[in-house]
Every structure is written in structure tokens, then in C-alpha cells.
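Have a look first, then read on.

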Amino acid sequence: MYDQKRPDVAVFIDFENIYVSVRDKLNATPNFEAIMDRCNDLGRVVISRAYADWYRYPRITSALYANAIEPIYVATYYYDKDAGRTGRAIKNSVDMNLCIDAMKTLYTNPNISRFVLVTGDRDFIPLVHSIRQHGKEVYIIGIGGAASTHLAQSADEFVFYEQLIGRQPNASAAATAIANRATELNRLPEPIEEPIAPVAPPPPPSPRTRRLRCAGAGDSSCP
């Protein structure tokens, strides 16, 4: 049994955003095990969901289930309805569904104190602000060079996905500093105790000064 209760954590994954970013920047597929290991370091994960049109990624769902991630299906609509899924796709409503679920969780699960958003989309900045205004912590996991620096700046902590898999983030030093800004600001400086300089005793009076004092006081004990 834990000496101290671990905080409850909710994880929301913008799958298509993270999938495209990892594919374009690292020429790989997302490592969900590494992502969830980092989330488990933050506390007890009680909700973990990934949002996408899973008909387009049928081979990914097994990796999600293996890491206790619930795939949430979000339909994609097409311009050419007659062509079906071979037509030109439009932007789906993944962002909207993720935001609605996160806000529902915020109000219906007050036990959850930490929210993790796996995305680099700056459209989630208002969501981050809303969650933090309710006294919750927000962590962003994103790809260096692909995630919005404004999104990283709005969170309590930004985690580079590359660091989770043991690689160097593909981001400039300035972007890295901005991403870690909140972490540094939340780390309160320790009070510095300045040493008190010793007070030197006053120098003994000269013989002439002593004679003048004695003469003015009329003390018979003075020499």
C-alpha cells in the first residue's frame, strides 16, 4: 500500500496528430508503451482514450488495447459521397470529441487532478486553459519541431515524445526553453539565508581620550 495516495490521471490522445508527426519527423509509428509509461509516472491512470477514424488505421487498435487505451471512433466525412472512402476526406471532428470528453471528465470526475493531452495542435490551448482554471494540472506530450510552442507554453509541463523513446528532440534551443518554461516557473526558489556579518568591537580609547573623560567626570578612580 502506498504511503501517500497517488493522483488520478486522465489521458486523451489526438491519434492522427501524433501519428502524422511521428511518421513525418521520425519515420516511425507512435510507441504507446513509452507514452503510457510516462503517464503512469504521473499517477494512477484511470482514463486513457485515443480518438480517430479507426477504419483508416485498423492495425493500430491492437496496440492500443495492449496498453489499456480505449479507441474512440470518430467518423470521417468525404466530399464525394458517391466515391465512399476513396473520396477526398475533409477535417473530421476528433478535436471536438476530445474536448467534449475532457470537459465531461473535468466535471464528472473531480478525483482526477492531472490531465495528459497527447497532441501538438494549438487548437487545444483553450481546453488547457479551462482545465487549469479548475485547479488541475495539464501535461502535453508532443513531437519536437511539430508541436505548437504556444500549446507547450500554456501547459504545466511539456514532454518531448523523443525523450520517451531515448532520442534527441528535433527542436531548437529556444523552443525547448519555451516548452520547459512552466516547469521552471512552478519550481519555487529556496530561500537564501545571507550570513550576518560580525560586528567588530569598538577600538579602545586612546590614553589622551581617557584622561579627558576622567577629568570631565571627576572620577577619583581614573589615573
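How many bridges pair strand β5 with β6, and in which sense, parallel or antiparallel? There are 4 bridges, and the sense is parallel. Keep in mind that this is a predicted model, where local features need pLDDT of at least 70, side-chain atom pairs count only at pLDDT 80 or more, and totals for chains, interfaces and linings use all residues. Residues are numbered from 1 along each chain as its sequence is written, and side-chain values use heavy atoms, leaving out hydrogens and water.

**The sheet**
- The chain has 10 helices and 6 strands (DSSP runs, H or I of at least four residues for helices and E of at least two for strands, numbered from the N terminus).
- The 6 strands make an open, parallel sheet ordered β3-β2-β1-β4-β5-β6 (strands pair if DSSP finds at least two bridges between them).
- β3 (70-73) and β6 (157-160) each have a single partner strand, so one side of each lacks a neighbour in the sheet.
- Within β5 (residues 137-142), tyrosine 139 has glutamate 157 of β6 as its bridge partner.

**Helices on the sheet**
- Helix α1 (residues 15-26) lies across β1 (8-14), β2 (44-52), β4 (112-118) and β5, at about 65° to β1 (axes are lines fitted to C-alpha atoms, for helices over the stretch in contact, with angles from 0 to 180 degrees between N-to-C directions; contact means heavy atoms within 4.5 Å).
- Helix α4 (residues 94-108) lies across β1, β2 and β4, running at about 170° to β1.

**Whole chain**
- Of the 223 residues, 40% count as buried (under 20% relative accessible area, 1.4 Å probe, protein chains only).

Technical notes: Buried < 20%, exposed > 50% of the residue type's maximum accessible area, 1.4 Å probe, protein only.
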